[in-house]
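Morning, everyone. Please bring up the structure, and I'll walk you through a few places in it.

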Amino acid sequence: MRNIAIKVESLGKKYTIKHEKQESYKTFQDVLIGSGKKIITSLNPFSGHKEQDETTEEFWALKDVNFEINKGDKVGIIGRNGAGKSTLLKVLSRITEPTTGKIHINGRIASLLEVGTGFHPELTGRENIYLNGAILGMSRAEIKAKFDEIVAFAEVEKFLDTPVKRYSSGMYVRLAFSVAAHLEPEILVVDEVLAVGDVEFQKKCLGKMGEVSKEGRTILFVSHNMNAIEQLCNKSILLDKGQITSSSSDIRSIVKKYSIGGENGHLPTIWKNIDNQYSNPYFTPKQFWISDDNNDFLNNPLPNDKKKYINILFNVKELDKNLEVGVRLYSEEGELLLVTHQTDEKEANWPTINIGENLIRMEVPPRILNEYIYRIELVCSLYRKGWIIEPGKNDINIFLNIKGGASDSPYWVKRSSVFSPVIKWSQVEAEGKR
Amino acid sequence: MQTVKEESFQFTIEAGRAEHHYWMDLWRYRELFYILAWRDIAVRYKQTIIGVLWAVLRPLLTMMIFVVVFGKIAKLPSEGVPYPIFVFAAMLPWTFFATAFSDASNSLIGNANLISKVYFPRLIIPAASVIVAGVDFLISFLILIVLMIWYQYIPDWHILTLPFFLLLAFFTALGAGLYIAALNVKYRDFRFVVPFISQLGLYISPVGFSTTIVPEKFQLLYYLNPMVAVIDGFRWAISGGRTAFNMTELTVSIVMVIFLCLIGIYHFRKTEKSFADVI
């Protein structure tokens with residue numbers, strides 16, 4: 001027990017989703033009576049709030065999760081959105097209570113689910129350091145002792161007595177991260193805070209995290225950034241649908257498993273919107289799949305020299321000329337290889353999109369990719385307005401497993417590069433050019 | 001030193017058993033309590049220039065209206081105390097209660113981002129917001145002193161009992177505030193109930209008039225409002241025992257406040273675990 005920092009036993013967290021029956025309220029009178037009943041039941045502190053107007057559905061965000069973390073371990077938690085990562089962190093940091101199971105925690109724990117939690121815009125930088133520090137669990141004496149260090153790291157000396165609402169967003173984030181970085185708990189729980197700020201700042205944060213981890217503290221780190229996980233962690237846990245699918249100190253293998261979807265060997269080339277999981281008036285994806293020239297559905301593995309198309313079937317209820325549908329290609333390790341949109345060419349060449357059902361497709365040129373497994377993700381946004389399907393935060397993925405057909409040359413050996421296009425070489429008359 | 005620290009921070013999170021460390025945690029997080037109270041005070045008086053003035057103006061203006069309506073027009077008795085002092089002595093605890101109650105009720109929603117991102121005993125938030133109302137109280141207490149000097153009115157030893165009545169008002173506001181604050185998280189309509197209660201309460205409680213005008217047979221019923229004893233107590237303490245005040249109302253009030261606090265804390269503790277999930 002001495003060496004264990006966190007021990008989780010059959011942990012579960014259940015959420016109850018309420019579906020209100022809209023049709024049960026018909027007239028204003030009904031609404032009044034309905035809400036009257038609600039108020040009366042809710043006023044009674046001993047009632048169990050049993051409203052009959054609602055149907056409830058149970059949803060296990062975490063189910064039967066077991067693991068042990070030793071002191072000094074740096075654990076990366078990965079998984080798709082909705083896999084239960086954030087819920088796990090919230091339960092560990094006692095923000096919300098587990099429904100089943102037990103967690104033993106041995107050491108002072110601090111959680112960093114957001115930088116600048118509780119920052120108040122009206123207060124000055126100095127005041128916010130104390131406020132934020134206290135919220136993150138530092139004592140006044142601790143903050144006082146580290147105050148100069150925090151200010152220096154954030155580079156905001158000149159603006160200490162300015163309300164943070166006048167800070168530039170960069171200064172704001174720097175100050176917020178700086179306070180958090182000077183927390184000194186034995187166990188640190190971090191959720192994707194590195195996703196903020198510019199590249200330069202993210203590097204600085206990663207550097208600081210690396211430093212912190214060398215001091216022998218236990219870290220739990222959730223991120224979609226596989227590189228960060230590989231650099232920082234010595235152990236990794238893969239979550240899927242609220243359960244641990246694998247956990248190991250071989251981070252590469254887990255990252256790989258995560259990138260290709262986990263299902264051993266099965267690499268789907270088609271995705272369907274089952275139960276209307278994704279729905280948006282501007283863009284509701286119906287189907288996403290790989291086909292050949294004749295629009296016939298293709299299965300993995302696929303030869304490199306074959307012409308392949310990536311098809312997107314979707315529904316549009318409201319037309320927006322800013323609609324941008326795209327595809328992202330990832331390597332097995334989760335590295336982004338390329339991004340392409342239907343609006344990449346000049347406007348006249350864009351596929352037309354109408355109200356109703358649309359089918360657009362994109363060609364994967366033969367002999368561009370290498371003989372690897374690639375993950376293809378569907379993304380969609382309203383240009384400069386916001387995401388409809390955000391990259392990394394959805395599970396609309398298909399896979400391309402390329403085998404064979406790399407080249408017609410007898411000399412060809414499998415290349416170790418990400419791409420292995422067959423590029424045309426030709427001979428030029430040497431005489432005239434010289 | 002490190003090992004001692006570790007020893008004291010071993011704990012277990014278990015389904016349905018968060019209570020264990022709760023009261024200990026409340027003590028451990030006292031610094032956060034101070035700093036949240038300080039933040040609320042700092043923000044309150046920072047955002048507006050008339051911030052401090054506001055704490056002065058509100059009770060002063062209401063007092064003037066009451067003096068005119070009840071004292072001059074309705075000519076209600078003031079038991080031998082100058083009417084402005086008579087009203088203001090009641091206005092003080094009432095304003096304190098109304099501010100504290102409404103701040104506490106809305107405090108959780110106002111701090112939703114904290115609740116969903118960090119752990120601490122949630123009780124800290126409404127408790128800290130009640131403290132802010134205390135600062136307003138101290139400011140308006142200065143007006144009372146000015147009024148007393150103006151009317152050359154000298155209080156006696158009775159005034160020493162004032163902190164006790166303030167404490168009673170504090171717990172009334174906290175108990176009711178906790179209850180509504182917890183409800184507010186789930187049902188936002190209670191936001192509208194709060195101003196209504198404060199408005200209604202102002203006229204139901206003996207702020208503008210004396211308790212003596214309430215008919216004898218209804219007095220016991222009237223005492224069920226815990227603020228009646230608080231207000232009468234304030235008057236009694238400030239007027240040097242000249243105004244009516246009896247043990248019955250004090251006892252009823254104390255019982256009611258204890259009941260209110262127990263119910264408030266019970267309901268708050270019961271729903272607290274799900275705050276982060278529903279807020």
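Let's start with one serine. Leaving aside residues up to four places away in sequence, Ser178(A) touches Ile150(A), Phe153(A) and Ala154(A). Find Ser178(A) in helix H5 of chain A. Is Ser178(A) buried or exposed? Its relative accessibility is 0%, so Ser178(A) counts as buried. Before I go on, a reminder: this is a predicted model.

Ala180(A) has a relative accessible area of 3%. The cut-off for buried is under 20%, so Ala180(A) is buried. Which residues does Ala180(A) touch, if we again skip those up to four places away in sequence? They are Leu112(A) and Leu136(A). Take Leu136(A). Along the chain, Ala180(A) and Leu136(A) are 44 residues apart. Their C-alpha atoms are separated by 7.5 Å.

Now step back to the whole of chain A. It has 434 residues, and buried ones make up 48% of them. The chain holds 9 helices and 18 strands. Consider the contacts in chain A between residues at least 6 apart in sequence. Of those, 71% join residues at least 24 apart.

On to a sheet. Six strands of chain A form it, in the order S5-S6-S7-S3-S8-S9. The sheet is open, and the pairing is mixed. Which strands stand at the edges? Strand S5 (109-112) and strand S9 (243-248) of chain A do. Each has a single partner strand, so one side of each is left without a neighbour in the sheet. Ignoring direction, neighbouring strands here are turned by 15 degrees against each other on average.

Let's zoom in on one pair from that sheet. Strand S6 of chain A, residues 187-191, pairs with strand S7 of chain A, residues 218-222. The sense is parallel, over 5 bridges. Leu188(A) stands opposite Ile219(A) in S7(A).

Next, some backbone details. Most residues other than glycine have a negative phi, and most peptide bonds are trans. Here are some exceptions. Asp64(A) is not a glycine, yet its phi is positive, near 50 degrees. You'll find Asp64(A) in strand S2 of chain A, residues 54-70. With a relative accessible area of 48%, Asp64(A) is partly exposed.

Asn295(A) also has a positive phi, about 70 degrees, and is not a glycine. Asn295(A) lies in the loop between S11 and S12 of chain A. It counts as partly exposed, at 38% relative accessibility.

Where is Pro301(A)? Look in the loop between strand S11 (284-291) and strand S12 (308-316) of chain A. The peptide bond joining Asn300(A) and Pro301(A) is cis, with omega about -10 degrees.

Last stop: chain B. Helix H11 (residues 226-238) of chain B packs with helix H12 (residues 247-272) of chain B. The angle is about 130 degrees, and the axes are 8 Å apart. H11(B) and H12(B) are therefore oblique to each other. The crossing of H11(B) past H12(B) is left-handed. Which residues meet? From H11(B) come Pro226(B), Val228(B), Ala229(B) and Asp232(B). From H12(B) come Glu249(B), Leu250(B), Ser253(B), Met256(B) and Val257(B). The residues of this contact divide into 6 nonpolar, 1 polar and 2 charged.

How values were computed
Residues numbered from 1 in each chain as written. Chains lettered and ligands numbered in written order. Predicted model: local features only at pLDDT ≥ 70, side-chain atom pairs only at ≥ 80, totals over all residues. Heavy atoms only, no water. Axes fitted to C-alpha atoms, helices over the stretch in contact; angles between N-to-C directions. Helix = DSSP H or I, 4+ residues; strand = E, 2+ residues; numbered from the N terminus. Parallel < 35°, antiparallel > 145°, perpendicular 65-115°, else oblique. Left-handed = near helix turned anticlockwise from the far one by under 90°. Contact = heavy atoms within 4.5 Å. Nonpolar A, V, L, I, M, F, W, Y, C, P; charged D, E, K, R; others polar. Buried < 20%, exposed > 50% of the residue type's maximum accessible area, 1.4 Å probe, protein only. Pairing = 2+ DSSP bridges.
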